[in-house]
Amino acid sequence: MTTATASPSAGVPVGPGLSMFDPIFIGIDEFGQPVYITLAYRNLLAGGEPGGGKSGLLNAIAAHAALSVDSRLVLLDGKLVELGQWEDSADAFIGPDMPAALDVLRRLQVVMNNRYAWLRAHNRRKVTAADRLSVITVLVDEIAFYSATVGAKQEQEEFVALLRDLVARGRAAGIPVVAATQRPSFDIIPTSLRDLFGYRAAFRCTTPNSSNIVLGHGWAEQGYSATDIAPTNQGAAYLIAEGGVPRRIKVAYLTDAQIAGIADYAAWIRRPSTIGTPAGSPADWGMAA
């Protein structure tokens with residue numbers, strides 16, 4: 001008779017490992033159907049007013065990434081608390097420290113360049129699951145904190161330049177970026193940066209222009225405006241994919257207790273992969289590739 005093995009975290013089943021190449025469940029649409037995104041070759045931008053549900057989306061993605069056997073996590077969180085529970089599962093967790101944020105982005109750029117050199121040597125155009133390279137998932141909570149608040153102006157400009165480069169080139173090298181901001185304005189999300197994100201989610205916005213800044217010009221005038229989302233309807237958003245039409249979704253919500261349980265289990269299953277190698281080392285990040 002087969003017996004079940006108890007999970008180290010209550011309520012989190014032990015099962016086959018997930019992959020970042022798998023579709024990620026993020027919620028349901030207005031008809032109650034499940035909504036999935038495939039993030040390995042895409043980036044995601046979430047924008048909207050405070051309390052709209054952006055952190056819920058980031059945590060849903062972080063949970064999948066933390067439980068994926070082929071993923072490394074790099075987290076930037078100026079408030080420390082939105083993504084803080086995933087710190088033990090992350091190779092790098094950066095708080096309100098601009099020099100550290102710039103350092104980790106520079107290192108990611110080196111990894112990206114090395115991976116493209118490896119792909120070119122093998123006459124390839126993108127990383128696949130068969131390559132057995134880690135998908136380095138980069139989550140940034142509040143772009144504006146690093147691009148307009150902390151640090152000197154030169155450092156802020158370098159942060160934006162490095163982030164844009166990762167968003168523009170990272171996805172084919174297995175380095176997707178998920179970024180959120182409470183200030184969907186042109187100075188924070190210029191069009192040249194916004195249009196590089198394959199997925200864009202507009203949570204409640206105060207003006208149609210703010211909604212358009214996230215989704216793209218003209219969608220509010222066509223009836224897809226995040227100003228229509230009620231302030232009490234947290235987690236509701238308009239999600240658009242490349243070449244598609246915005247769809248109304250409700251993001252799956254994880255309570256703090258659920259996040260703590262998943263994060264504890266994720267850290268536990270990741271423990272063997274970090275023994276003998278400091279977290280965030282070049283070997284962990286696929287520098288050899």
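Visitor: Which residue follows H6, and what is its phi?
Guide: Gly216 follows H6. Its phi is positive, near 130 degrees. Keep in mind that this is a predicted model.

Visitor: Where does H6 itself lie?
Guide: H6 covers residues 208-215 and lies across S3, S8 and S9. It runs at about 160 degrees to S8.

Visitor: How many residues of H6 are buried?
Guide: 6 of its 8 residues are buried, so H6 is largely enclosed by the rest of the structure. The buried ones are Ser210, Ser211, Asn212, Ile213, Val214 and Leu215.

Visitor: What covers them?
Guide: The cover includes S3, S8, S9 and helix H5, residues 191-194.

Visitor: What sits in the loop between S8 and H6?
Guide: Arg204 is found there.

Visitor: Buried or exposed?
Guide: Arg204 counts as buried. Its relative accessibility is 19%, and the cut-off for buried is under 20%.

Visitor: Which backbone oxygens does the Arg204 side chain reach?
Guide: One is the backbone oxygen of Thr227, at 3.2 Å. Another belongs to Ile229, where a polar side-chain atom of Arg204 lies 2.6 Å away.

Visitor: And which residues is Arg204 in contact with?
Guide: Leaving aside neighbours within four places in sequence, the contacts are Gly48, Glu49, Ala226, Thr227, Ile229, Ala230, Pro231 and Ala236.

Visitor: Switching to the sheet. What is the strand order?
Guide: 10 strands form an open sheet, ordered S2-S1-S10-S9-S8-S3-S7-S6-S4-S5. The pairing is mixed.

Visitor: Which strands stand at the edges?
Guide: S2 (34-37) and S5 (92-94). Each has a single partner strand, so one side of each is left without a neighbour in the sheet. On average, neighbouring strands are turned by 25 degrees against each other, direction ignored.

Visitor: How does S5 join on?
Guide: 3 bridges link S5 to S4, residues 71-77, and the two run parallel. Leu76 stands opposite Ile94 in S5.

Visitor: And how many bridges join S1 to S2?
Guide: There are 4 bridges between S1 (residues 24-29) and S2, which run antiparallel. Ile24 has Ile37 as its bridge partner in S2. The hairpin of S1 and S2 has 4 residues between the strands, and Gly32 there takes a positive phi near 85 degrees.

Visitor: Which residues of S2 are on the covered face?
Guide: Val35 and Ile37. Pro34 and Tyr36 make up the uncovered face.

Visitor: What does Ile37 touch?
Guide: Not counting residues up to four places away in sequence, Ile37 touches Asp22, Pro23, Ile24, Ile26, Leu44, Ile61, Tyr199 and Leu239.

Visitor: Which members of the largest nonpolar core touch the most others?
Guide: Ile26, Ile37, Leu39, Leu44, Leu57 and Trp86, out of 41 residues. Helix H1, residues 54-67, gives the most to this core, with 8 residues. A second, separate core has 35 residues, including Ala101, Leu108, Val177 and Leu193.

Visitor: Last topic, Thr181. Where is it?
Guide: Thr181 is in strand S7, residues 177-181. It is buried, with a relative accessible area of 0%.

Visitor: What touches Thr181?
Guide: Beyond four places in sequence, its contacts include Ala46, Gly47, Gly48, Lys54 and Glu142. Ile143, Ala144, Ile188 and Ile189 also touch Thr181.

Visitor: Which helix lies across S7?
Guide: H4, residues 153-169, lies across S7 along with S4 and S6. H4 runs at about 135 degrees to S7.

Note on methods:
Residues are numbered from 1 along each chain as its sequence is written. This is a predicted model: local features need pLDDT of at least 70, side-chain atom pairs count only at pLDDT 80 or more; totals for chains, interfaces and linings use all residues. Side-chain values use heavy atoms; hydrogens and water are left out. Buried means under 20% relative accessible area, exposed over 50%, partly exposed in between (1.4 Å probe, protein chains only). Contact means heavy atoms within 4.5 Å. Two strands pair if DSSP finds at least two bridges between them. Axes are lines fitted to C-alpha atoms, for helices over the stretch in contact, and angles run from 0 to 180 degrees between N-to-C directions. A polar contact is a pair of N or O atoms within 3.5 Å; within protein, one must be able to donate a hydrogen and the other to accept it, and residues adjacent in sequence count only if both atoms are side-chain atoms. A nonpolar core is a set of buried Ala, Val, Leu, Ile, Met, Phe, Trp, Tyr and Cys residues joined through side-chain atoms within 4.5 Å.
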